[in-house]
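Visitor: Could you walk me through the charged pairs in this one? I'd like to see the chain before we start.

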Amino acid sequence: MNIEYRFIDVETDYETCCEFRKDAYFCSFATYQGFETLIDGYKERLLERIHHPDWFYFHLWYGGRIIGQLEFRCFSSRKETGYLHLIYLVEEYRGLGLAGELERFIARRLMEKGCQYCLLSVSRTNQRALLHYAKFGWHYDSPNPKHDTTDFYLRTLSE
């Protein structure tokens, strides 16, 4: 499958970004409670960061349609460590073997920026995500002090 990665066009595709974020939130926590707090100020953050060279916001296109979204950055509180905020595919494209391509795409971009590792936070109840991350070499790192139901996972980057 030939996925095209395009920088998000916030002006035309903001509603799609919100829909994807909302579905990802539900997949993570099996509720929408708390989503409004997460999405508050999202458009402003996107507009502020979208052209910054250390932030990456991509829509995944296939067959003339947006089928997913990636959000990550090449810095974190740890040296040489990027941070993955969102890896999302619409439901009908999950489980089709795209995960490896997405992981490699993210890793390449972060390594180009000097990262050797990547960190993310994932819900303890999101079994699908936990299985995905285990398959691609992510390892438990520590509990997330900002959210009592999520943990940090770390991955050593490679292609």
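Predicted model: local features only at pLDDT ≥ 70, side-chain atom pairs only at ≥ 80, totals over all residues.

Visitor: How many salt bridges does a search of the whole structure find?

Guide: Among them are R21 with E71, at 2.5 Å from N to O, and R124 with D151, at 2.9 Å. The search of the whole structure gives a total of eight.

Visitor: Is R21 buried or exposed?

Guide: R21 sits in helix α1 and pairs with E71 in strand β3, 50 residues away (helices, H or I of at least four residues, and strands, E of at least two, are DSSP runs numbered from the N terminus). Buried means under 20% relative accessible area, exposed over 50%, and partly exposed in between, using a 1.4 Å probe and protein chains only. Like E71, R21 is buried.

Visitor: And which class does R65 fall in, at 35% relative accessibility?

Guide: R65 bridges to E92, with the closest N and O atoms 2.6 Å apart. R65 is in strand β3 and E92 in the loop between β4 and α4, so the pair ties together parts 27 residues apart in sequence. E92, with a relative accessible area of 47%, is partly exposed. At 35%, R65 also counts as partly exposed.

Note on methods. Residues numbered from 1 in each chain as written. Heavy atoms only, no water. Salt bridge = Lys/Arg side-chain N within 4 Å of Asp/Glu carboxyl O.
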